[in-house]
Amino acid sequence: MLEQDALAIETFAARSGLTPEQRATLLSWTGERVGDVRMLFRGEVFVSRALRNPVVRGCPQCLREQAEGQNRPLRYMSMSGDWLCRGVDICLKHRHPLVPLWSCQSRFERDNIGERLAMILPELFSGRFECEHVEPFEYDRWLDLRLSQGLDDTWLAKQALFAAMTFCDLLGAALLRKEGQEVDGRHAKAAGFAVASQGPESIQEALERLTRAEDGEHTVNQGELKPIFLWPSVTSIAMMRASTGFAISFATMS
Ligand SMILES: [Zn+2]
């Protein structure tokens, strides 16, 4: 099952009484391999490491809610597909950050959900995993809508999701650094999304801001943009770069 062997999935689906649609939905939230380092997740191509990580995260309040009051709590607990996606930082229902629940290098140990959940059950009930609630950003809502329903009314709708998600993170981090602010993942993604979701003119304006020196003149090096252009090449981000003239000329310099 964990290797997504076709026969194993077929047998599981038949014995569980899953319709073809239900099986497709299950797999789409799990991520299916397409090549060595890529996966198809919710109909979009992702780099595998954006979906597979030794550290498994989740919302402790979701899990506690499912388990509470049940004689056999493990029967009622499930891991949400969106928790796999590294761009997702919070549970919108509980406004709770996704927190590390367990960490295992071995895939089979890590994905043995029943055993892992059984081990952390006492801590889940005691509230040890819970922390302060957070306010969702527009980025969080955008990503949730795109993953859950494929809806996107921003300019990013035209971009591959993995590229868009990563670009928001890198651009936002660069903008925060430029402003001398502390870079933390959630704020960086929110800042990048505020710019990137508006489209090419907004992105171009931000890129120009990033390459402007203190005296108002443009710098000749890549400055805060360097991490963006050092990012491993993904065709879709090249498309995003290409959609702004400024970025094209910049890319050819790198
Ligand atoms: Zn939750």
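Trainee: Let's start with helix H3 (residues 60–67) and helix H5 (residues 113–126): how are they placed relative to each other, roughly parallel or roughly perpendicular?
Mentor: Keep in mind that this is a predicted model. The axes of H3 and H5 come within 10 Å and cross at roughly 100 degrees. An angle of 65 to 115 degrees falls in one class, so H3 and H5 are roughly perpendicular.

Trainee: And how many of the residues in the contact of H3 with H5 are nonpolar?
Mentor: From H3 you have Pro60, Leu63, Arg64 and Ala67, and they meet Leu121, Leu124 and Phe125 of H5. By class, there is one charged residue in that contact, there are no polar ones, and the nonpolar count is six.

Trainee: Now H7 and H8. At roughly what angle do their axes cross?
Mentor: Helix H7 covers residues 161–178 and helix H8 covers residues 185–196. The two helices are roughly perpendicular to each other. Their axes come within 6 Å, and the crossing angle is roughly 105 degrees.

Trainee: Which classes do the residues of the contact of H7 with H8 divide into, and how many are charged?
Mentor: On the H7 side the contact includes Ala164, Phe167, Asp169 and Leu175, and on the H8 side it includes His187, Lys189, Phe193 and Val195. Sorted by class, there are 14 nonpolar and three polar residues, and the charged ones number two.

Trainee: What about the open sheet of three strands: which strands stand at the edges?
Mentor: The sheet has the order S1-S2-S3, and its pairing is antiparallel. An edge strand has a single partner, so one of its sides is left without a neighbour in the sheet. That describes strand S1 (32–33) and strand S3 (44–47).

Trainee: Which residue in S2 is the bridge partner of Arg33?
Mentor: S1 and strand S2 (residues 38–41) run antiparallel, and two bridges join them. For Arg33, the bridge partner in S2 is Met39.

Trainee: Where is Gln4, and does it count as buried or exposed?
Mentor: Gln4 sits in the segment before helix H1 (6–16). Its phi is near 55 degrees, a positive value in a residue other than glycine.

Trainee: How far apart are the C-alpha atoms of Asp144 and Cys91?
Mentor: Asp144 belongs to helix H6 (residues 138–149). With 18 other C-beta atoms within 10 Å, Asp144 is partly exposed. Along the chain, Asp144 and Cys91 are 53 residues apart, while their C-alpha atoms are separated by 9.4 Å.

Trainee: Last one, for the whole protein chain: what percentage of the residues count as buried?
Mentor: The chain has 12 helices and seven strands. Among contacts with a separation of 6 or more, 60% link residues 24 or more positions apart. Of the 254 residues, the share that count as buried is 26%.

Conventions:
Residues numbered from 1 in each chain as written. Predicted model: local features only at pLDDT ≥ 70, side-chain atom pairs only at ≥ 80, totals over all residues. Axes fitted to C-alpha atoms, helices over the stretch in contact; angles between N-to-C directions. Helix = DSSP H or I, 4+ residues; strand = E, 2+ residues; numbered from the N terminus. Parallel < 35°, antiparallel > 145°, perpendicular 65-115°, else oblique. Contact = placed C-beta atoms within 7 Å. Nonpolar A, V, L, I, M, F, W, Y, C, P; charged D, E, K, R; others polar. Buried ≥ 20, exposed ≤ 12 C-beta atoms within 10 Å, placed from the backbone. Pairing = 2+ DSSP bridges.
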